[in-house]
Amino acid sequence: MTLLVEIILLFLQIMWFAIFARAIISWFPIDQNGAVVRALDSITEPLLEPLRRVVPRVGMIDITPMVAIILIFVISAMLRSSLASGV
């Protein structure tokens, strides 16, 4: 069980990094058809797309990546506390 939780935590860290990188890249005039941008899109879109249906835009700003990162932090904290308590 511990190994499974650690694998999930690693996956969540990778998702956090990918979402953060995608958000930062979107601020710069970089070719959106580049390999890195497309890879980040394909990794993060399965998580961000369902959230976009629930989280409204704030003007022209898409806060979905921020909401996803907060959710990742909450889930990670819950998993770490379950590891620490031995459940």
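This is a predicted model: local features need pLDDT of at least 70, side-chain atom pairs count only at pLDDT 80 or more; totals for chains, interfaces and linings use all residues.
Residues are numbered from 1 along each chain as its sequence is written, and side-chain values use heavy atoms, with hydrogens and water left out.

Helix α3 (residues 64-85) comprises 22 residues and spans 32 Å from its first C-alpha to its last, close to the 32 Å expected at 1.5 Å a residue, the expectation being 1.5 Å times one less than the number of residues. Its buried residues are Thr 64, Pro 65, Ala 68, Ile 69, Ile 72, Ser 76 and Leu 79. Viewed down the axis of α3, these fall within an arc of 130° and therefore line one face of the helix; the arc is taken over the directions from the helix axis to the C-beta atoms. The face turned away from this buried side carries Met 66, Met 78, Ala 84 and Ser 85, which are exposed (over 50% relative accessible area). Gly 86, with a positive phi near 80°, follows α3.

The axes of α1 (residues 2-25) and α2 (residues 35-54) come within 9 Å and cross at roughly 105°. This makes α1 roughly perpendicular to α2, a class covering angles of 65 to 115 degrees. In contact (heavy atoms within 4.5 Å), residues of α1 including Met 15, Ile 19 and Ile 25 meet residues of α2 including Val 36, Leu 40 and Leu 47.

Key
Axes are lines fitted to C-alpha atoms, for helices over the stretch in contact, and angles run from 0 to 180 degrees between N-to-C directions. Helices (H or I, at least four residues) and strands (E, at least two) are DSSP runs, numbered from the N terminus. Angles under 35 degrees count as roughly parallel, over 145 as roughly antiparallel, 65 to 115 as roughly perpendicular and the rest as oblique. Buried means under 20% relative accessible area, exposed over 50%, partly exposed in between (1.4 Å probe, protein chains only).
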